[in-house]
Amino acid sequence: MQITILETKEINIEDILVLYKANKWSSANKPNELYNGLLNSETLVTAWEGKKLVGLGNAISDGYLTVYYPHLLVLPEYQGKGIGKLIMDKMQEKYKHFHMQMLTADGRAVDFYKKNGFERAGKTEPMWIYQGNEH
């Protein structure tokens, strides 16, 4: 399996929707908002096996101090093969010197992010106004 990691916004909505639907993410139900949100992210990192999109992650940042990672997805049949780590490593090339890197994780993702250097944010509690129902 040869995986290519790219920082690119040259990606089509159909490939994105396959990835999001396979992971049962509610944002797939808002395809235009999802697509535009990803394209308007400061950074979009994609993982490809040939011409097949197998993963992606995005970052929203002020460019200097803080970065937030809203999405990191890998096709279910490709999970556990190091692709998520490759995407996070690419993000770290750009953001490792930032004062604060943030994300929200649940389920199996918690252990994944701990292995990638993240920890619970002190005594803070994650808070949101959310329109999905998968968490």
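**Strands, helices and selected residues of a predicted model**

Tyr-95 is found in helix 3, where helices (H or I, at least four residues) and strands (E, at least two) are DSSP runs numbered from the N terminus. The structure is a predicted model, in which local features need pLDDT of at least 70, side-chain atom pairs count only at pLDDT 80 or more, and totals for chains, interfaces and linings use all residues. Residues are numbered from 1 along each chain as its sequence is written, and side-chain values use heavy atoms, with hydrogens and water left out.

Tyr-95 has a relative accessibility of 0% and therefore counts as buried; buried means under 20% relative accessible area, exposed over 50%, and partly exposed in between, with a 1.4 Å probe and protein chains only. Apart from residues up to four places away in sequence, Tyr-95 touches Glu-42, Thr-43, Ala-59, Ser-61, Val-67, Tyr-69 and Gln-101, contact being defined as heavy atoms within 4.5 Å. The C-alpha atom of Tyr-95 is separated by 8.6 Å from that of Thr-66, although the two residues are 29 residues apart along the chain. Helix 3, which covers residues 83-95, also holds Gln-92. At 22% relative accessibility, Gln-92 counts as partly exposed. Beyond its neighbours within four places in sequence, Gln-92 is in contact with Tyr-69 and Gln-101.

Strand 3 comprises residues 52-61 and is mostly covered, since eight of its ten residues are buried. Pairing is assigned if DSSP finds at least two bridges between two strands. Strand 3 pairs in the antiparallel sense with strand 2 (residues 43-49) over seven bridges. Within this pairing, Ala-59 of strand 3 stands opposite Thr-43. The two strands form a hairpin with two residues between them, and Gly-50 in the turn has a positive phi of about 65 degrees. Strand 3 is also paired in the antiparallel sense with strand 4 (residues 66-68), over two bridges, and here Ser-61 stands opposite Val-67. Four residues lie between the strands in the hairpin of strand 3 and strand 4, where Gly-63 takes a positive phi near 90 degrees. A further antiparallel pairing, of three bridges, joins strand 3 to strand 5 (residues 72-74); the bridge partner of Leu-56 in strand 5 is Leu-73.

Thr-43, found in strand 2, counts as buried because its relative accessibility is 2%. With its neighbours within four places in sequence left aside, Thr-43 is in contact with Glu-7, Gly-57, Asn-58, Ala-59, Met-91, Lys-94 and Tyr-95.

Two packed helices are described by the angle between their axes and the distance between the axes. The axes of helix 1 (residues 13-22) and helix 2 (residues 31-39) come within 10 Å and cross at roughly 105 degrees. Axes are lines fitted to C-alpha atoms, for helices over the stretch in contact, and angles run from 0 to 180 degrees between N-to-C directions. Helix 1 and helix 2 are therefore roughly perpendicular to each other, a term for angles of 65 to 115 degrees, whereas angles under 35 degrees count as roughly parallel, over 145 as roughly antiparallel and the rest as oblique. On the side of helix 1, Ile-13, Ile-16, Leu-17 and Tyr-20 meet Pro-31, Asn-32, Leu-34, Tyr-35 and Leu-38 in helix 2. By class, this contact has eight nonpolar, one polar and no charged residues; Ala, Val, Leu, Ile, Met, Phe, Trp, Tyr, Cys and Pro count as nonpolar, Asp, Glu, Lys and Arg as charged, and the others, Gly among them, as polar.

The loop between helix 1 and helix 2 contains Asn-23, which is buried, with a relative accessible area of 19%. Not counting residues up to four places away in sequence, Asn-23 touches Leu-73, Val-74, Leu-75, Pro-76 and Gln-79. Lys-24 has its place in the loop between helix 1 and helix 2 but counts as exposed at 67% relative accessibility. Most residues other than glycine have a negative phi. Phi of Lys-24, by contrast, is positive, near 60 degrees. Asn-29 is found in the loop between helix 1 and helix 2 as well, and counts as exposed at 66% relative accessibility. The C-alpha atoms of Asn-29 and Val-74 are separated by 18 Å.
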